[in-house]
There are 2 protein chains.
Amino acid sequence: MVSSTQHFTEDRSVEAVLERNAACTDARLGEIMAVLVPHLHAIIKELRLTPEEWLAAIQFLTRAGQISSDRRQEFILLSDTLGVSMLVDAINNRKIDEVTPSTVLGPFYVNGAPNLPMGAMIAHHGRGEPLFVLGQVSDESGLPLAGVALDVWQTSEDGFYDTQDDSQPDMNLRGVFHTATDGRFWFRSIVPASYPIPSDGPVGDMLKALGRHPMRPAHIHFILRCAGFDTLTTHIFIDGDPYLDSDAVFGVKYSLIAPLRRPTVEEQRQHALPDGCQCLSLDFRLQREAL
Amino acid sequence: MVSSTQHFTEDRSVEAVLERNAACTDARLGEIMAVLVPHLHAIIKELRLTPEEWLAAIQFLTRAGQISSDRRQEFILLSDTLGVSMLVDAINNRKIDEVTPSTVLGPFYVNGAPNLPMGAMIAHHGRGEPLFVLGQVSDESGLPLAGVALDVWQTSEDGFYDTQDDSQPDMNLRGVFHTATDGRFWFRSIVPASYPIPSDGPVGDMLKALGRHPMRPAHIHFILRCAGFDTLTTHIFIDGDPYLDSDAVFGVKYSLIAPLRRPTVEEQRQHALPDGCQCLSLDFRLQREAL
Ligand SMILES: [Cu+2]
Ligand SMILES: [Fe+3]
Ligand SMILES: [Fe+3]
């Protein structure tokens, strides 16, 4: 009844599972299983996983699914904190050295932020340290790009996105700007804060058990869109943040770090910046779409 | 700010994640991560997983968590159908050839089934084909073992456990028997049926996409407990079942398959078996506990 090739044993556990997929008509799914199953079984064999540990893993995954909702995605946090999200980003955004690197999208992006005129203020909740953000977008050779859409979002001065915080109006600290003919952009905001990823669930427990903190260094998110160029999802990080070398989600890349600085006299006058306003400046270079 | 050893790149993605665990005080957890992270990252690199596939994986896992409940455990089904449960069983129950092999516990075990006198009937729902189950329990050298507890459970004639089926009384098709002084046991039941594992969730969708069916061949579950011996969790499978060589959870082992047969004249008389009753017989050998 049972042919000898199909009996499950420790030695041929992978073959036993994969030979069942002979009737699979989805070639990519077959490929995914052919890679997933051997690594998955190797993990269990190398660890000699006990039934108790297996059950703890089942319970961990179940809890992660059950704590997830419209506003909370624990499996994305798990992917982020295990470096999986950054790895998928790296593999799918292999770029030449001359252009700005990408980093994680994160769970706080909201589609449909308002188009704003250059220089507009994006903070509407009446708190925080004034910040002026500016830069220039160019192609890989430094040629300025006009009309590039910059979709920006960031936390408040106490580290919350509008979607996490009832005290902020809708679409607070979000907006879409477009570069001028010389590729430049500028807008007003407040200094964002470092913040913890949600840590009251199984991923938080995992980080605690690993001796890791849940913090991300302060940053401003950007998605840059321009016809003919690869869309760039990235951050500007603020230099000096204590979490720059231990970002819980591994998002930091050197060339994305910029210092807070005092405005130049020229900037101060041209943009009528308030007293004590700080500047954060980064230039972006986009990679031309492969034909 | 960011030391060169901590920047995340595709090439050193594993190191970037693992060096964060330096402060982990749970040695086993550190070991688990040191095995899990390299394999997990290798899966993603070998597949060159796309962002769309990554998102589909996030959604699959989330759905698995959310469909799970007190009565349904989708991550156990996932583990079962990927051969993980059988692998954990195999690793933790390495046995000498002379004893009966173990197989999966499955999700339908219920603690606290009633102790029953030898020969008792376990089917109380008034349907099904009469069955007489019998055998002998011994140690690895064939020496009979008295007083071994056999915790048994099985499906009805239409493939449902009592916990899945309102038409069955509580603890239907469940019971605990103890071997006689000669190591023998016997009880009355009905012939169980092959049945599908729950297939209306993400695991069912996965099986469908892989061209696999969700069926398990008909079987009776046993847990054998005896002081001084390893507890044995196993099945008796019914020979001739069409799913014996494609059990959805990889639970079949040759030596656990037994034929349905007519009772001998002696059995018929001794146990007053009804007309048309079938017999299913398997002897179990237990492995002595390692000292
Ligand atoms: Cu591997
Ligand atoms: Fe963020
Ligand atoms: Fe079963």
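Which side chains meet in a salt bridge at 2.6 Å, N to O? Keep that in mind as you look through these close-ups of a predicted model.

**View 1. A salt bridge joins Arg28(A) and Glu53(B).** Here is the pair we asked about: the side chains of Arg28(A) and Glu53(B), 2.6 Å apart from N to O. Between chain B and chain A the count is four salt bridges, and 29 residue pairs are in polar contact.

View 2. The size of an interface is often given as the accessible area lost when the parts come together. For chain B and chain A, the buried area is about 7,400 Å², and carbon and sulfur atoms give 66% of that.

**View 3. The copper ion (ligand 1) has donors from both chains.** Look for His39(A) and His39(B), whose ND1 atoms lie 1.7 Å from the copper ion. The pair crosses between chains, and each histidine sits in helix 2 (residues 27–47) of its own chain. His39(A) counts as buried because its relative accessibility is 13%, under the 20% cut-off. His39(B) is buried too, at 13%.

**View 4. Chain B holds the iron ion (ligand 3).** Its protein donors are Tyr161(B) and Tyr195(B), each through OH, and His219(B) and His221(B), each through NE2, at 2.0 to 2.2 Å. Angles of 89 to 163° among the four donor atoms go with an irregular site. Tyr195(B) in strand 5 and His221(B) in strand 7 are 26 residues apart, linking distant parts of the chain. Both Tyr195(B) and His221(B) are buried.

Terms used
Residues are numbered from 1 along each chain as its sequence is written. Chains are lettered from A and ligands numbered from 1 in the order in which they are written. This is a predicted model: local features need pLDDT of at least 70, side-chain atom pairs count only at pLDDT 80 or more; totals for chains, interfaces and linings use all residues. Side-chain values use heavy atoms; hydrogens and water are left out. Donors are N, O and S atoms within 2.8 Å of the metal (3.2 Å for Na, K and Ca); water is not among the atoms, so sites may look incomplete. Four donors count as tetrahedral if all angles lie between 85 and 135 degrees; four count as square planar and six as octahedral if opposite donors are over 155 degrees apart and all others between 65 and 115; anything else is irregular. Helices (H or I, at least four residues) and strands (E, at least two) are DSSP runs, numbered from the N terminus. Buried means under 20% relative accessible area, exposed over 50%, partly exposed in between (1.4 Å probe, protein chains only). Buried area is the accessible area (1.4 Å probe) that two parts lose on being put together, summed over both. A polar contact is a pair of N or O atoms within 3.5 Å; within protein, one must be able to donate a hydrogen and the other to accept it, and residues adjacent in sequence count only if both atoms are side-chain atoms.
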